[in-house]
Amino acid sequence: MDNILNSSFIKNATAVSGFDMFVGIIVSFIIGFFIFMVYKKTFSGVMFSSNFGLSLIGMAMITCAVILAVSSNVVLSLGMLGTLSIVRFRTALKDPFDIVFLFWAITSGIIVGAGMIPLAVVTSLLMGIVMTVFVNRKSRTTPYIIVINCENSDVEDGVMNLIETKSAKSTVKGKTVSKTGMELTVEVQLKDGYSKFVNDIIDIEGVVNAVMVSYNGEYMG
């Protein structure tokens with residue numbers, strides 16, 4: 001019986017008090033949920049991934065649990081450090097901005113696990129305000145990309161004249177020329193939300209088709 005009571009397993013099981021575990025996990029969950037809501041509000045991509053948003057909550061809680069375990073045992077901290085060193089995060093992030101939220105969740109879990117709950121709460125509130133204000137102020141005018149297939153350079157001149165007249169701003173982003181015709185990729189900002197001029201483009205003689213889509217302001221062509 002004495003051997004059982006004095007075993008390292010029993011000592012490790014009681015190294016972290018139940019109150020500390022409960023408070024740490026609950027607070028990390030609340031902060032993780034707050035990060036998830038900020039991510040959802042500031043998301044500007046094409047397809048929102050709820051799985052990534054929920055992983056932010058789990059990341060904060062798991063990191064908090066790891067820090068609670070490490071802080072209670074020096075030997076365990078060395079072993080866990082060696083274990084985590086072989087872990088590789090290989091999931092490709094579609095938006096570099098997602099890295100900010102990922103590290104935000106991890107950092108919050110570390111701070112809560114270290115017992116610095118006020119620091120975690122204040123930091124998260126300030127981060128949430130900064131993210132919401134500055135991300136939503138990026139652009140009030142939604143940019144659009146128009147892809148036009150036309151027959152020759154004379155048709156191209158007519159298309160560009162129409163776009164420059166009907167839009168607030170236009171910039172050629174790409175041009176592909178072949179023996180059968182050409183493809184223009186033009187970034188435009190609509191004038192008072194007017195988009196019906198795309199219908200006028202297709203009426204120009206020599207235009208095969210025209211497609212307009214909204215995008216996030218970044219383009220590689």
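Tutor: Buried means under 20% relative accessible area. Keep that cut-off in hand; the model is predicted.

Student: Why is T63 called buried?

Tutor: T63 has a relative accessible area of 11%. The cut-off is under 20%. Therefore T63 counts as buried.

Student: Where is T63, and which residues does T63 touch?

Tutor: T63 sits in helix α4, residues 50-72. Leaving out residues up to four places away in sequence, T63 touches I106, G109 and I110.

Student: How do you know that the span of helix α6 agrees with its 17 residues?

Tutor: Helix α6 covers residues 97-113. At 1.5 Å a residue, α6 should span 24 Å. The end C-alpha atoms of α6 are 25 Å apart, which agrees.

Student: Which residues of α6 are buried, and what follows α6?

Tutor: The buried residues of α6 include F101, W104, G109 and I111. G115 follows α6, with a positive phi near 90°.

Student: Why is E164 called partly exposed?

Tutor: E164 has a relative accessible area of 49%. Buried needs under 20%, exposed over 50%, and partly exposed lies in between. So E164 is partly exposed. E164 belongs to helix α8, residues 153-166.

Student: How many residues separate E164 from V188 in sequence?

Tutor: They are 24 residues apart in sequence, and 8.8 Å apart in space, C-alpha to C-alpha.

Technical notes: Residues are numbered from 1 along each chain as its sequence is written. This is a predicted model: local features need pLDDT of at least 70, side-chain atom pairs count only at pLDDT 80 or more; totals for chains, interfaces and linings use all residues. Side-chain values use heavy atoms; hydrogens and water are left out. Helices (H or I, at least four residues) and strands (E, at least two) are DSSP runs, numbered from the N terminus. Buried means under 20% relative accessible area, exposed over 50%, partly exposed in between (1.4 Å probe, protein chains only). The expected span of a helix is 1.5 Å times one less than its number of residues. Contact means heavy atoms within 4.5 Å.
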